[in-house]
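Let us walk through this structure together, one piece at a time. Please keep the sequence and the 3D view at hand as you read.

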Amino acid sequence: MNVTLIDHGAGNVASVERALARIGVASERASTPESIASAGILLLPGVGHFAALIRALDEKALRQPLLETIGRGVPFLGICLGLQVLFESSDEAPDLAGLGLMPGRVCALPPTVKLPHMGWNTLRALGPSRLLREIPANSYFYFAHSFAAPAAPELTAATCEHGAEFAAIIERGNIFATQFHPEKSGDAGALLLRNFVSLAA
Amino acid sequence: MSLARRIIPCLDTDGARVVKGVNFAGLRDAGDPAELAARYNAEGADELIVLDIAASRDRRPTFLETIRRVAAELAIPLTAGGGIRTLEDARSVVRAGADKITVNTAAVEQPDLISQLSEEFGAQAVVLAIDAKREADNWDVRIRGGRDSAHLDALAWAQQGVILGAGEILLTSVDRDGTQSGFDIALTAAISGSVSVPVIASGGAKLPDHFLQIFSAGAADAALAASIFHDNAQSIRLLKQFLAQRGVPVRFPC
């Protein structure tokens, strides 16, 4: 089954496309409400500013079809900013409403450490994770962000720490998200993307 | 959990081929960028940087094609730079497959470019490259491939760059570049201690001990080298083993 990549114009869709192609998974870009509504597997890449992604989704009228499609149980993976927009709001753009699929607010990482949190870090698994299946426990993943989501135990499959502990992997029902970039995380990232796609097969 | 110190090979290109030189001069051919990128990706490089050191207008399409070919080989982040003077230049580099953009001379000449890039791509995608040369007790910022003085203090420029929106500093010691006599520890420690963003140290790498020193005494978040990797004088895997044995957190591919 093809992975539908939500192309909102504010994310590095091409690098996710290449990462999927490397593991033999076909993908197609979607930027219309219809193409999202008909998706079998959804992936939302995101880099940059919270406001840019939320505004792009709203300007293209993608918010409602996205929520409805996820609500129908279609497997969804959000990457980086694609994780953060699942929450109710973000300190990065306090006036904008997030998608509200996860409770809570995205906060800035503390200024006691170098920001952005940029580079390769390891995870702490809080419980069984479908995305981390068969991935060695000490694997490194690539992060590039200054804001992060709270590590609520009921949503969070794995956390990471940089100044504070935050949600690195979210898994709830058909909703998955990673704060790191699996498409830039070498073999470990490729395994994670494969795990996600195989959940939907 | 600990953020790994990064090892970053750098591909200086004339647009199409990897070249190398000493102190920004005397270039010679060092291989095909896509072939080298594939090798470094497999060996455990944490990122890759591709620079167009010729950066002439008519070679631009060639460099963009090089970025595309390199990006196709990588499952790690790619930074590209050299001759990026406008937001549109940066867009074309990102469209070709770069995750981050690095700017140097153009940022000195028009500091607002840093803010424009940061607004469009996010601070995490904007790498301010600073070429610094020792002058008495300070470091002078050099531009146009290290040739000219920008009449700026490197420490002050790094801090201003971060305020304008840079998310990372790529710091090259003009004095050490190409000498293989070790990174400039004093310079790197001074800059790293005065900015809130990660610093990539560059210039002078040869021995594993040089990397150990720049991560400890130099407080670098990442270290860049070119010719020692291109020539197979230093394997990335063995370098990381050396560092790991001495307590530096590094990432090994699984």
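**A helix and its cover**

The buried residues of α10(B) are covered by elements of chain B that include β1 (6–13), α1 (33–43), α8 (208–216) and α9 (227–230). Here helices (H or I, at least four residues) and strands (E, at least two) are DSSP runs, numbered from the N terminus. A residue is buried if 20 or more other C-beta atoms lie within 10 Å of its own, exposed if 12 or fewer, and partly exposed in between, with C-beta atoms placed from the backbone. Two residues are in contact if their C-beta atoms, placed from the backbone, lie within 7 Å.

A word on the model itself: it is predicted, local features need pLDDT of at least 70, side-chain atom pairs count only at pLDDT 80 or more, and totals for chains, interfaces and linings use all residues. Residues are numbered from 1 along each chain as its sequence is written, while chains are lettered from A and ligands numbered from 1 in the order in which they are written.

Which residues of helix α10 (residues 236–245) of chain B are buried? They are Ile236(B), Leu239(B), Lys240(B) and Leu243(B). These residues lie on the same side of α10(B) because they cover an arc of only 95° around the axis, the arc being that of the directions from the helix axis to the C-beta atoms. On the face turned away from the buried side of α10(B) you will find the exposed residues Leu238(B) and Gln245(B). After α10(B) comes Gly247(B), with a positive phi near 85°.

Now turn to helix α3 (residues 87–95) of chain B, where the buried residues are Asp89(B), Ala90(B), Val93(B) and Val94(B). Their arc around the axis is only 135°, so they sit on the same side of α3(B). Among the elements of chain B that cover the buried residues of α3(B) are α2 (60–71), β5 (78–81), β6 (100–103) and α5 (112–121). Gly97(B), which follows α3(B), has a positive phi near 130°.

Stepping back, chain B has 10 helices and 12 strands. Its radius of gyration, taken over C-alpha atoms, is 17 Å, close to the 18 Å that the globule rule (2.2 Å times the number of residues to the power 0.38) gives for 254 residues, so chain B is as compact as a globular protein of that length. The C-alpha trace of chain B spans about 45 × 40 × 40 Å along its principal axes. Of the 254 residues in chain B, 54% are buried.

How many residues does each chain give to the contact between A and B? Chain A gives 35 residues and chain B gives 26. On the side of chain A that touches chain B, the elements giving two or more residues are α1 (13–22), β7 (117–121), β9 (141–145), β11 (156–161) and α6 (186–200) of chain A.

Finally, some backbone details. Most residues other than glycine have a negative phi, and most peptide bonds are trans. Cys80(A), not a glycine, has a positive phi of about 60°, and its place is in the loop between β4 (76–79) and α5 (81–84) of chain A. Cys80(A) counts as buried because it has 29 C-beta neighbours inside 10 Å. In chain B, Ala219(B) has a positive phi near 55° and lies in the loop between α8 and β12 (222–225). Ala219(B) has 17 C-beta neighbours inside 10 Å, so it counts as partly exposed. A cis peptide bond, with omega about 0°, joins Leu115(A) and Pro116(A).
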